Every structure is written in C-alpha cells, then in structure tokens.
Amino acid sequence: MAMGLFTWAKPKGNLFESNSTMQCCLCGSPDDLTGEHKIKASAIRELFSGPMVIGAFDGESRPRFAQSAKSKAFHFRARLCGTCNSSRTSAADLEFTEFDKLARERMEAGLDPGDVFKEPRYTVGGEPYLNLFRYFAKVLACQIAQEDGPRILPVTEFAIGKSDFNPVLLAMDLDPAFLAFSQVLGSQEFAAHGGLAMQLSRLTGLVHCLFSTLTHGKLRYTFSIEFDFRVGLALQRFDPVFHERCVAAHREAVAAKDSG
Ligand SMILES: [Zn+2]
C-alpha cells in the first residue's frame, strides 16, 4: 500500500542546500541546536514497559538494549534548532502518535493498518494527513543529514510546514524482523529504526529513491521519496560525495544480499 503517490520533481527554485552538523537539518539555522529523538520519546514510553530492543534488525547486527527512552541510542547525530524541534513540528509529532495508535490497534486486530487512511480524519490533503507525512519527512531529512547529505528542500520545507507539497510515500506492513526477534526474545516490545537506504536507477546508475523505516511493535513504516533522473543528476552534481556514498552503500547492500 502506498500513500502520497508522487513521482517527485519540484516545479521551480533550488532543490538542495548544503548541510552540516553546525546547522539545523530542516531550516539551516545555526542557532539553538539540539538532537532529535530517533523515535519519539513519548511513543517509546507508551510502547515499552520493559527493556527496549533497538538495532538495525537486518539479521546481522546484534540488537542492543536501551536503558530508557532517553537513551543516546535513540538520538540522531544530525541537529535540529529549537524551533524546528518544537513549534514547527509538534503538530506532526502528535499526529504520528495518534495515527500510530490507530494503525497498531488495527494490526493487532488482524486488519490492514492502512485502513486508518479511510477515516475521514485522514482525507488526502487535509491538515492531519499532511501533518502525518510531515513527521516522516522530518525523520527522513534527519536520516539524510545523518549521512552528511544535503537538505532536500521539498522534503525539509514540507516537514516544517513551509510547503504543503507532500513528496513522501508511505507503506505499512508487518516487520518480518519482529517475528524473528519475538521468537528469540519472547517479547512484543519492539522498536527499531532503519538507517538511510536507497535505490539506484538501473538505466542511469543515479539515485532515484531514498527511504528509511521505523517499526513500532510489529508495525513497520517504510517512507521514501522518489524522483526522476533529472533530480538524480542534480543531486549528483550538487553533492557528488553524498551521491557516491549512496552508490557505494547500495553496492554493499546488494553484495551482502547476494552472498547471504
Ligand atoms: Zn530549524
């Protein structure tokens, strides 16, 4: 199930701006910088009564136990300014918490979690709908910044409400890693945050999709931006180091899959 349904290209203006750990990865401000929780602390507290397992859940990395919702393991290295970490994104954070609760209830009941989008509250283009996607735009922007990538303006401007153009695609499913780990650990208390992943165009070798995942309990959210070769080419020209890192990471992931 995909929501958002954009093959993305921004109509006009800059697509990218450079970023650094001395800047907010959403608005670029150098002032009042703070880290963003990888998974929102309140959502974690609600989810866990016992030990929290975190990790890449890729079948290779060893899971770690986080001591509390404030554990450093839940923080990004990438920075947000105080305003972007509060007033500009709090409605999006709240909407995600609300949506996540409804989606997880449906999944527990054996229903399609995506049915939440059939609720009148989540009419496409409405404020709750946009705020939900703004949350994922923020997390994706943080993941890109975490890998020293640029600010992708359609993503960051949407995340902080400067734009209503939603470039984010969302899919939800049952996290297969959850099943493996719940068998080992006998626990349903599970939260995971995937890093940044990417897909390359077979034709051009350019990046055409950046995505990440977030798992709460057994429910996995996969959120992505997709773009055509012109945007991929612009990204390669704007930040050849980041683009090359994406290509190398993708090559490694494919090699690991082939050898596994
Ligand atoms: Zn900011």
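Is Phe117 buried or exposed? Phe117 is buried, at a relative accessible area of 10%. Buried means under 20% relative accessible area, exposed means over 50%, and partly exposed is in between, with a 1.4 Å probe and protein chains only.

Before I go on, some ground rules. This is a predicted model, in which local features need pLDDT of at least 70 and side-chain atom pairs count only at pLDDT 80 or more, while totals for chains, interfaces and linings use all residues. Residues are numbered from 1 along each chain as its sequence is written, and side-chain values use heavy atoms, with hydrogens and water left out.

Rings of Phe, Tyr and Trp (for Trp, its six-membered ring) pair if their centres lie within 6.5 Å; planes under 30 degrees apart are stacked, over 60 edge-to-face, and the rest tilted. The structure holds 13 aromatic pairs. Helices (H or I, at least four residues) and strands (E, at least two) are DSSP runs, numbered from the N terminus. Phe133 is buried too, at 0% relative accessibility.

Next, the core. A nonpolar core is a set of buried Ala, Val, Leu, Ile, Met, Phe, Trp, Tyr and Cys residues joined through side-chain atoms within 4.5 Å. The largest one has 55 residues, and those touching the most other members are Phe99, Phe117, Phe136, Leu210, Tyr221 and Phe223. Helix α3 gives the most to this core, with 13 residues. In soluble globular proteins, nonpolar side chains tend to be buried together. Tyr221 also belongs to one aromatic cluster with Phe96, Tyr135, Phe136 and Phe223. Leaving aside neighbours within four places in sequence, the contacts of Tyr221 (heavy atoms within 4.5 Å) include Phe96, Phe99, Asp100, Leu170 and Met172.

Now the metal. Which residues coordinate the zinc ion? They are Cys24, Cys27, Cys81 and Cys84, each through SG, at 2.3 to 2.4 Å. Donors are N, O and S atoms within 2.8 Å of the metal (3.2 Å for Na, K and Ca), and water is not among the atoms, so sites may look incomplete. The angles among the 4 donor atoms run from 104 to 117°, and the site is tetrahedral; for four donors that requires all angles to lie between 85 and 135 degrees. The spacing of the donor residues in sequence is C-x2-C-x53-C-x2-C. Cys27, in the loop between β1 (16-17) and β2 (33-37), and Cys84, in the loop between β5 (75-81) and α2 (90-108), are 57 residues apart, and the pair links distant parts of the chain. Cys84 is buried at 0% and Cys81 is buried at 3%, whereas Cys27 is partly exposed at 28%.

Last, the backbone. Most residues other than glycine have a negative phi. Asp32 is not a glycine, yet has a positive phi of about 55°. Asp32 is in the loop between β1 and β2 and is exposed, at 58%. Asp148 also has a positive phi, near 60°. Asp148 sits in the loop between α3 and β6 (151-152) and is partly exposed, at 45%.

Terms used:
Four donors count as tetrahedral if all angles lie between 85 and 135 degrees; four count as square planar and six as octahedral if opposite donors are over 155 degrees apart and all others between 65 and 115; anything else is irregular.
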